[in-house]
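Subject: Structure for you, with notes

Hi,

Here is the structure I promised to send over. Please have a look at it first, and then read on for what turned up.

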Amino acid sequence: MAAYGRPSLRDLFDESPTPHIAHPPRTHHRDFYVATDGSFRGDSGGLGVVIETRDGECVARLALDQSVPDNNVAEYRALHLGLDVLAERTPPDARVGVLIDHDQLASNVNAAVLDACRPTATSPHRLVVPPATTHHWRGIRARINGFGEIRAARIASGDNPAHPLANTPDEYAHVNDSPARCVRPEPLSSGDRSVPPPSRSDRGASD
């Protein structure tokens, strides 16, 4: 179950647009979901990460106080951290759903996924990567290539469960003391494989 009565990451993912990539009903068959957020507050900042299985079981929550130069670096660093943690605790063929409230980063992730599928073709996408984030973007690209399948959904900050962790890391510092867990989701049932979620059953591509 999702913590504190919030929707599970799977529910949030199913209801959110995935830039550059059509959102067919089968996308709710992710194995794991990771929500990340980064904050910048003058001379300080924070990183928030929430990872769940498709069943809504918590794999990890992190709230780290970080010194970052700007909001873009905070967002890219948070996703880099989230994917690193996820890679350590999941099988390499995992299907992953990413939830981000940074529009350009979500677009970049999905564009990189599509470009990796056609490495010899000219990319139709224009990736805009802030110069200060290039180190973290390289790490994100490496992690993208390491999972069985991955795509990013764009969500509002108010809906992002990683948002409070990133913005008030001192208040949530206790979540960092939780023991590392490697959690496998329950096997998909036959109904899960064949019946799309109602919110996606009659929709085409998202924006």
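Below are my notes, going from the overall fold to single residues.

First, the ground rules. This is a predicted model, so to speak of local features pLDDT has to be at least 70, side-chain atom pairs count only at pLDDT 80 or more, and totals for chains, interfaces and linings use all residues. Residues are numbered from 1 along each chain as its sequence is written, and side-chain values use heavy atoms, with hydrogens and water left out.

**Overall fold**

The protein has six helices and five strands; these are DSSP runs numbered from the N terminus, with helices being H or I of at least four residues and strands being E of at least two. Along the sequence the order is α-β-β-β-α-β-α-α-β-α-α. Of the 207 residues, 51% are buried, where buried means under 20% relative accessible area, exposed over 50%, and partly exposed in between (1.4 Å probe, protein chains only). Taking contacts (heavy atoms within 4.5 Å) between residues at least 6 apart in sequence, 77% join residues at least 24 apart.

**Nonpolar cores**

A nonpolar core here is a set of buried Ala, Val, Leu, Ile, Met, Phe, Trp, Tyr and Cys residues joined through side-chain atoms within 4.5 Å. The largest one holds 27 residues, and Val98, Val109 and Ile140 touch the most other members. At least two residues of this core come from each of strands S1 (32–41), S2 (44–53) and S3 (58–66), as well as from H2, S4, H3, H4 and strand S5 (149–154). Another core, of 14 residues, lies apart from it and includes Phe13, Val50, Leu99 and Ala162. Not counting residues up to four places away in sequence, Ile140 touches Tyr76, Leu79, His80, Leu83, Leu105 and Val109.

Among the buried residues of H2 are Val73, Glu75, Tyr76, Leu79, His80, Leu83 and Arg89. At the start of the helix, a side-chain oxygen of Asp70 comes to within 3.1 Å of the backbone nitrogen of Asn72.

Rings of Phe, Tyr and Trp (its six-membered ring) pair if their centres lie within 6.5 Å, with planes under 30 degrees apart counted as stacked, over 60 as edge-to-face and the rest as tilted. By this rule there are two aromatic pairs. In one of them, Tyr76 and Trp137 have ring centres 6.1 Å apart and planes at 70 degrees, so the pair is edge-to-face. Tyr76 sits in helix H2 and Trp137 in helix H4 (residues 134–146), 61 residues apart. Both Tyr76 and Trp137 are buried.

**Asp101**

Which side chains make polar contacts with Asp101? A polar contact is a pair of N or O atoms within 3.5 Å; within protein, one must be able to donate a hydrogen and the other to accept it, and residues adjacent in sequence count only if both atoms are side-chain atoms. Asp101 has such a contact with Ser157 at 3.3 Å and with Asn160 at 3.2 Å. Asp101 is in the loop between strand S4 (95–100) and helix H3 (103–117) and is buried, with a relative accessible area of 14%. Leaving aside neighbours within four places in sequence, its contacts also include Asp37, Glu75, Ile155, Ala156 and His163.

**Salt bridges**

There are six salt bridges, each a side-chain nitrogen of Lys or Arg within 4 Å of a carboxyl oxygen of Asp or Glu. Arg95 and Glu149 form one at 2.6 Å, N to O. Arg95 belongs to strand S4 and Glu149 to strand S5, so this pair ties together parts 54 residues apart in sequence. Arg95 is buried at 15% relative accessible area, while Glu149 is partly exposed at 22%. Glu149 also meets Arg151 in a salt bridge (4.0 Å, N to O), and Arg151 is buried at 10%. Salt bridges with shared partners join Arg30, Arg95, Glu149 and Arg151 into one network.

Asp103 forms a salt bridge with Arg154, with the closest N and O atoms 3.6 Å apart. Asp103 lies in helix H3 and Arg154 in strand S5, so the pair links parts 51 residues apart in sequence.

Best wishes
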